[in-house]
Amino acid sequence: MKKSSCMDEHDPDALSVAEAQRRIAAAVQPIGASETVPLHAALGRVLAEDIVSPIDVPPHANSAMDGYALRGADLPESGARDLRVIGTAWAGKPFDGFVHTGQCVRIMTGALIPEGADTVVMQEHVRRTDDSARVSAGGKPGQHVRRAGEDVARGQPVLTAGKRLSPAELGVLASLGIAEVRVTRRARVAFFTTGDELRTLGAPLGPGQIYDSNRYTLHGMLSRLGAELIDLGIVRDTRAAVAAAFEEAARQADAIVTSGGVSVGDADYVQETLERLGQVNFWKIAMKPGRPLAFGRVGDAWFFGLPGNPVSVMATFYQFAQPALRRLMGEHVGEPILIKLPTATRLKKAPGRTEFQRGVVETGAAGQLVVRSTGAQGSGMLSSMSKANCFIILPADSGDVEAGGLVDVQLFEGLV
């Protein structure tokens, strides 16, 4: 039987992108192991436990403005009213006294609301003369006061296990007085590139040779993901070398990511070795760029065999490997966020495969967002990824899209 070439637009044996993503999501489960780290070292880590607030935030009612604290009942319904200023409340230095009818306290943002007061009038609405403050009508009782527990109440669930910690979460945890958190262990990911044509940086290039860009792309994508990296370098195109690399990677890693060697060429040994040493789930996707993609298991390690073309490496990593590795580290992974935008350029496409074309989202002439192609879409043109800020995702059954047509866009921000 004739094998389908990776250049064929239609291959009945290739899985759809959605089905491949579904199978990977069903197979890959979290590592389960965790560790406790100081809060300042927790950025980008994944929570391994639910966080319930031990305190109210803020812990006390305080002022949201610089102004005057008073009793809401003293606000005039019309005209103005003079109140006697009996002191000042500073942030971190409360006013030690009680506010009675006809009195007020000068208060700073963040200062505790004095006892007896329940309202703050901002200083711009008060005319101060010595120890007298004239308050005009128009205020409302309770205004400009942050209530105790207004942000987070004691006993309230705040963050759930599986949440990747961003700067906002670090600030929230610090506001709760939490100095260290339990996070999932980083996934150990071994990676290597294959190909006799590849050379390391600094080495001279011979005829037919190229520098190994995929190794650095993989290193960058895995580093940003927060994985613990095991770089096995360039593996030559021999059965013995590929098998040895797989065996070493499986001994050390939770997951293995490779580029190259998964096509149908005579020197592509990754799929063959995987079938001999491990288990193959699938190895072809109805996707462009990136049809030859192998997913399986070697020992206790999950395996992602990415194509060798540079753009294909990145496209398949972000659509398949990255969500799986995030899940492996215990993160809750939702559906990718897509937005529909009109294309400013004609997009060429043949039916048969889902295409991930590189695009640029920008503001069009009418002041609305549009997306345009970066130009030539060859899978070896890595510069197209550098120029782009999004994937333009065209369904498998679609053909050419004329300028003005609506297309699905996946922004790189938050993805790459």
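**Close-up views of a predicted model**

**View 1. The largest cavity has a volume of about 50 Å³.** The model is predicted; local features need pLDDT of at least 70 and side-chain atom pairs pLDDT 80 or more, while totals for chains, interfaces and linings use all residues. Residues are numbered from 1 along each chain as its sequence is written, and side-chain values use heavy atoms, without hydrogens and water. A cavity is a set of points on a 1 Å grid over the protein atoms alone where a 1.4 Å probe fits but cannot get out, and lining residues have an atom within 4 Å of a point. The count is one cavity of 30 Å³ or more. Its lining includes Arg45, Arg164, Arg185, Arg186 and Met329.

**View 2. The largest nonpolar core has 42 residues.** Such a core joins buried Ala, Val, Leu, Ile, Met, Phe, Trp, Tyr and Cys residues through side-chain atoms within 4.5 Å, buried being under 20% relative accessible area (1.4 Å probe, protein chains only). Ile285, Phe304, Phe317, Leu325 and Phe391 touch the most other members. Among the elements that give two or more residues are helix 1 (17–27), helix 6 (310–328) and strand 25 (390–394); helices (H or I, at least four residues) and strands (E, at least two) are DSSP runs numbered from the N terminus. Helix 6 gives the most, with 11 residues.

**View 3. Strand 8 (residues 126–129) and strand 9 (residues 132–136) run antiparallel, joined by four bridges.** Strands pair if DSSP finds at least two bridges between them. Val126 stands opposite Val135. The hairpin has two residues between the strands, and Asp130 takes a positive phi near 55°.

Technical notes: 1 Å grid on protein atoms, 1.4 Å probe; cavity = no way out; pocket = protein on both sides within 12 Å on 5 of 7 lines; lining within 4 Å. Points joined across faces, edges and corners; volume = space filled by probe spheres on them. Buried < 20%, exposed > 50% of the residue type's maximum accessible area, 1.4 Å probe, protein only.
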